Amino acid sequence: MKKIILFASGGGSNAEQIMQYFDEKKQFEVSAVLTNNQNAGVIDRAKSYNVPVHVFAKEELNNGKVLEIVNEIKPDLIVLAGFLLKFPSDIIAAYPDKVINIHPALLPKYGGKGMYGINVHRAVLENKEKESGITIHYVNDNYDEGNIIYQHTVVVEHCTTPEEVGEHVLALEHEHFPRVIEGILNKQ
């Protein structure tokens, strides 16, 4: 069985889509959800799928405590699904080419520190982009600079608010992220 660990900081809609997608696939398991936010909506979503949740403090991410949790599980893939903190180098080094992230834009545009969620969609709208999309990429030591695995576009030229852009992009995330994860795991 291939094991997946999800990292999320917020509501967890992507994490829920992933848990739902893999819930009945016997060769895969979402083994844990890790979050840095004790009030994150992802906690209740994980509990509804009987997925163990680990809540950690930011300092535990950087002092090796979170790596210990990850090492106990021995995941085949670590998935950042709305995780807002910089991912630590020790976990990236321990799991080379096994940490992926989804970004709500077509990288390399609109990436980097502080470029997440509504900030990205606002920038897309302000720059009058005709399309936006999603980028699934490997995680390295720099924000949004890892090798691109998959991109998908959506037309946003008629959107009038960042929230509207976000709705179109989130629909892509929910549709494609679980399928791309499965493809990566099947190639291992």
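**Ground rules.** I worked on a predicted model, in which local features need pLDDT of at least 70 and side-chain atom pairs count only at pLDDT 80 or more, while totals for chains, interfaces and linings use all residues. Residues are numbered from 1 along each chain as its sequence is written, and side-chain values use heavy atoms, with hydrogens and water left out.

**Largest pocket.** I looked up the pockets on a 1 Å grid over the protein atoms alone, where a pocket is an open set of points with protein on both sides within 12 Å along at least five of seven lines, in contrast to a cavity, where a 1.4 Å probe fits but cannot get out. Grid points are joined across faces, edges and corners, and a volume is the space filled by probe spheres set on the points. The largest pocket has a volume of about 830 Å³. I noted 37 lining residues (those with an atom within 4 Å of a point), and the closest to the centre are G82, F83, L84, Y116 and G117. Two or more lining residues come from each of α1 (13-22), β5 (99-103), α6 (117-126) and α7 (162-187), where helices (H or I, at least four residues) and strands (E, at least two) are DSSP runs numbered from the N terminus. The most, 4 residues, come from α7. By class I recorded 16 nonpolar, 16 polar and 5 charged residues in this lining, with Ala, Val, Leu, Ile, Met, Phe, Trp, Tyr, Cys and Pro taken as nonpolar, Asp, Glu, Lys and Arg as charged, and the others, Gly among them, as polar.

**Second largest pocket.** For the second largest pocket I noted a volume of about 190 Å³. Its lining has 14 residues, with F22, D23, F28, E29 and V30 nearest the centre; α1 and β2 (28-35) each give two or more, and β2 gives the most, with 4 residues. The lining divides into 8 nonpolar, 2 polar and 4 charged residues.

**G41.** I placed G41 in the loop between β2 and α2 (42-48). G41 is partly exposed at 28% relative accessible area, a class that lies between buried (under 20%) and exposed (over 50%), with a 1.4 Å probe and protein chains only. Leaving out residues up to four places away in sequence, G41 touches G10 and G11, contact meaning heavy atoms within 4.5 Å.

**Backbone details.** Most residues other than glycine have a negative phi, and most peptide bonds are trans. Phi of N50 is near 55°; N50 sits in the loop between α2 and β3 (53-55) and is exposed at 70% relative accessibility. Phi of D144 is near 60°; D144 lies in the loop between β6 (131-138) and β7 (148-155) and is buried at 15%.
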